[in-house]
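This report describes one protein model, part by part. Please look over the sequence and the structure before reading on.

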Amino acid sequence: MNTQSPKIHAPANPNFNAERPLTAEDFKIVGANFEAQSQEQDKIQTFAKKKIKNFPYFSVFTLCAILFACFFSHLFVNHDPTQFYLTNLNTPPDSEFWFGTDSLGRDIFSVLWNGGRVSIFIGILSTVIAAGIGIIYGCISGCASTFLDTVMMRIAELFQSIPALLTLLLLLSLQAKQTPVSISVVIGITSWFALARIVRAEVRQIRNSEYILLSRHMGASFFWVMRKHLIPNIVSAIMFIVISSISTNMAMEATLSFLGLGLPPEELSLGSMLALSNRALLLNTWWVIIFPGIFLLITLFSITQIGHIFRQENCKGFSNL
């Protein structure tokens, strides 16, 4: 049996002292690519710090506060939003009606939050419809043959060349009565063309990747490949378009209501509130325009700022570090 004690070799650090405690300098990593790896790590940390610094905290907080207030407005509103106070028509802001009343006698403060909920619902639902159509259409076009891809893109470009507002007016005129769902469907089916072109361009770049070709040769269906491979690889490129579409569609609903083809005045929404602005200008009731307009602008600005982060991440990436 060998009872000889093992030999202790001192570290390579010439300043090593066995009597002092070990520090990080005694375990310094060395190697052929150590400096390059250290620089890469510094770049990654710098990029992460820059993302944290540029994150729109104020916009996220504002949007969350708006969503919370819209969906839980019954906890703090002081009037019934569906009630018509006929003895208080066009009342300016006071202690009873904080934002005043409109020409129908409705409390603007109470209607604002309930109408905002409907407008946000229209913006989200129409964006979901447009994203679903645009992603599927773009994936099919990107994976199709050259002839079929050309035909599909020419069709999308043809419909995109028609003014969206004109198409919306035509489709809405065919309906007897407008509802939040019907307006969302009409806006959704007329706003997917740009998204489809972006999806098609991204799919054509990755359609010949080995993992996609292997899945297709193994018998995977097109929709399985789209769900498992195509969409996960293009989601970062289309997030800015999808998120920005929410604010665009909300503004479109307000525009349609202002033109008299959106929701009727008895339906609570920001658009139906702004539809009364023509009377407000004649009657000099500025509060009927100012408060819904400010609410809509703040909501659209917050959504756009959040979407802008996804565009920066997709455009810069790690290559610009």
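Where is the place of N90? N90 sits in the loop between α2 and α3. The model is a predicted one, and the sections below go from its overall make-up to single residues.

## Overall make-up

The protein chain has 12 helices and 0 strands. Read from the N terminus, its elements run α-α-α-α-α-α-α-α-α-α-α-α.

The protein chain holds 321 residues, and 39% of them are buried. Of the contacts in the protein chain between residues at least 6 apart in sequence, 68% join residues at least 24 apart.

## The nonpolar cores

In soluble globular proteins, nonpolar side chains tend to be buried together. In this model, the largest nonpolar core has 28 residues. M250, F295 and L296 have the most contacts inside this core. At least two of its residues come from each of α2 (57-71), α3, α9, α10 (270-274) and α12 (287-316). The largest share is that of α12, with 8 residues.

Apart from its neighbours within four places in sequence, L296 is in contact with M250, A254, L270 and L274.

## The largest pocket

The largest pocket holds about 480 Å³ of space. Its lining is made of 24 residues, and those nearest the centre of the pocket are A164, I187, T190, S191 and F193. By class, the lining has 15 nonpolar residues and 9 polar residues, with no charged residues.

At least two residues each come from α3 (108-143), α4 (146-161), α5 (164-173), α7 (193-206) and α9 (222-258). Helix α9 gives the most to the lining of the largest pocket, namely 6 residues.

## The cysteines

How many disulfides does a search of the whole structure find? The search finds 0 disulfides. For C143, the nearest cysteine sulfur is that of C139, 6.5 Å away, and C143 is in no disulfide because two cysteine sulfur atoms must lie within 2.5 Å to count as one.

Is C70 buried or exposed? C70 is buried, as its relative accessible area is 0%. C143, by contrast, counts as partly exposed, at 21% relative accessibility. The cut-off for buried is under 20% relative accessible area, so C143 at 21% does not count as buried.

## Two single residues

S257 belongs to helix α9. With a relative accessible area of 3%, S257 is buried, because buried means under 20%. Which residues is S257 in contact with, leaving aside its neighbours within four places in sequence? They are G262, L263, G271, S272 and A275.

N90, in the loop between α2 and α3, has a positive phi of about 55°, although N90 is not a glycine. At 21% relative accessibility, N90 counts as partly exposed.

Conventions
Residues are numbered from 1 along each chain as its sequence is written. This is a predicted model: local features need pLDDT of at least 70, side-chain atom pairs count only at pLDDT 80 or more; totals for chains, interfaces and linings use all residues. Side-chain values use heavy atoms; hydrogens and water are left out. Buried means under 20% relative accessible area, exposed over 50%, partly exposed in between (1.4 Å probe, protein chains only). On a 1 Å grid over the protein atoms alone, a cavity is a set of points where a 1.4 Å probe fits but cannot get out, and a pocket is an open set with protein on both sides within 12 Å along at least five of seven lines; lining residues have an atom within 4 Å of a point. Grid points are joined across faces, edges and corners, and a volume is the space filled by probe spheres set on the points. Helices (H or I, at least four residues) and strands (E, at least two) are DSSP runs, numbered from the N terminus. Ala, Val, Leu, Ile, Met, Phe, Trp, Tyr, Cys and Pro count as nonpolar, Asp, Glu, Lys and Arg as charged, and the others, Gly among them, as polar. A nonpolar core is a set of buried Ala, Val, Leu, Ile, Met, Phe, Trp, Tyr and Cys residues joined through side-chain atoms within 4.5 Å. Contact means heavy atoms within 4.5 Å.
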